Number of protein chains: 2
Amino acid sequence: MSGPLTGSERSAALAPLLERGWRETADGRAITKQFAFADFTEAFAWMTRVALRAEKANHHPDWSNSYAKVTVSLTSHDTNGLTRRDIDLASWMEKAADA
Amino acid sequence: MSGPLTGSERSAALAPLLERGWRETADGRAITKQFAFADFTEAFAWMTRVALRAEKANHHPDWSNSYAKVTVSLTSHDTNGLTRRDIDLASWMEKAADA
């Protein structure tokens, strides 16, 4: 179980995600992004891939879907902050969205 | 394309859903419910069944998921109100949750 990311480790981990449109929440405990797909089937297909990965890693997103849009919020509830698991899931989401 | 439900037709259509925990939003234009499942896989399995049905009927929910919980909001954006399509989708969700 990794602890919350802090300092330069956190900054370095976040940099590539912020470039891809992720934002830190005001309290710094989560990162969020809205993904936009072509339509509902594209959005839900992506969600399904993410769901399988999330279950496998036992680290799940908070997310909402409205037709072609999916808004994601990632945090590590057990540490009340952002950990390497959130960075890994966010990075995986980006790869799946590019595929 | 059916129009917004009104009057006694609306009341009759909503009654069985209100008994199952659905609530009308303050503006009356949508109905919402939070479904609780055993865990993430149960929640997402249900979402997947609903997604296939929604796509088939070309009528999609606004919904959010956090681990075992799924919060649903149904409205008919094209009529800016509640129609038979929302009632049908909500009823279908109940059946799928019972299965």
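Student: What area is buried between chain A and chain B?

Tutor: This is a predicted model. In it, about 1,300 Å² is buried between chain A and chain B, and carbon and sulfur atoms give 66% of that area. On the side of chain A, Phe40(A), Phe44(A) and Trp63(A) together supply 37% of what the chain buries against chain B, more than any other three residues.

Student: How many residues does each chain bring to the contact?

Tutor: Heavy atoms within 4.5 Å count as a contact. Chain A brings 15 residues and chain B brings 15 residues.

Student: Which elements of chain A supply the side that touches chain B?

Tutor: Helix 2 (40-57) and strand 3 (62-66) of chain A each supply at least two residues of that side. Helix 2 of chain A gives the most, with seven residues. Sorted by class, the side of chain A that touches chain B has seven nonpolar, six polar and two charged residues.

Student: How many salt bridges cross the interface of chain A and chain B?

Tutor: Side chains of opposite charge can pair when their charged atoms come close. Across the interface of chain A and chain B, the rule finds zero salt bridges. Polar contacts are another matter: four residue pairs, both members at pLDDT 80 or more, are in polar contact between chain A and chain B.

Student: Where are salt bridges found, then, and how many are there over all chains?

Tutor: The count over all chains comes to 10 salt bridges. One of them joins the side chains of Asp98(B) and Arg20(B), at 3.0 Å from N to O. This pair links distant parts of the chain, 78 residues apart: Asp98(B) is in helix 3 of chain B, while Arg20(B) is in the loop between helix 1 (7-19) and strand 1 of chain B.

Student: How do strand 3 of chain A and strand 3 of chain B pair, parallel or antiparallel?

Tutor: To read a pairing, look at the sense of the strands and at which residues stand opposite each other. Strand 3 of chain A and strand 3 (residues 62-66) of chain B pair in the antiparallel sense, over five bridges. Ser64(A) stands opposite Ser64(B).

Student: What is the order of the strands in the open sheet?

Tutor: The open sheet has eight strands with antiparallel pairing, in the order 1(A)-2(A)-4(A)-3(A)-3(B)-4(B)-2(B)-1(B). At the edges are strand 1 (23-24) of chain A and strand 1 (23-24) of chain B, each pairing on one side only.

Student: Which strands does helix 3 of chain B touch?

Tutor: Helix 3 (residues 84-98) of chain B packs on the sheet and touches strand 2 (31-36) and strand 4 (69-74) of chain B. The direction of helix 3 makes about 10° with that of strand 2 of chain B.

Notes:
Residues numbered from 1 in each chain as written. Chains lettered and ligands numbered in written order. Predicted model: local features only at pLDDT ≥ 70, side-chain atom pairs only at ≥ 80, totals over all residues. Heavy atoms only, no water. Buried area = accessible area lost by both parts, 1.4 Å probe. Salt bridge = Lys/Arg side-chain N within 4 Å of Asp/Glu carboxyl O. Polar contact = N/O pair within 3.5 Å; in protein donor to acceptor, adjacent residues only side chain to side chain. Helix = DSSP H or I, 4+ residues; strand = E, 2+ residues; numbered from the N terminus. Nonpolar A, V, L, I, M, F, W, Y, C, P; charged D, E, K, R; others polar. Pairing = 2+ DSSP bridges. Axes fitted to C-alpha atoms, helices over the stretch in contact; angles between N-to-C directions.
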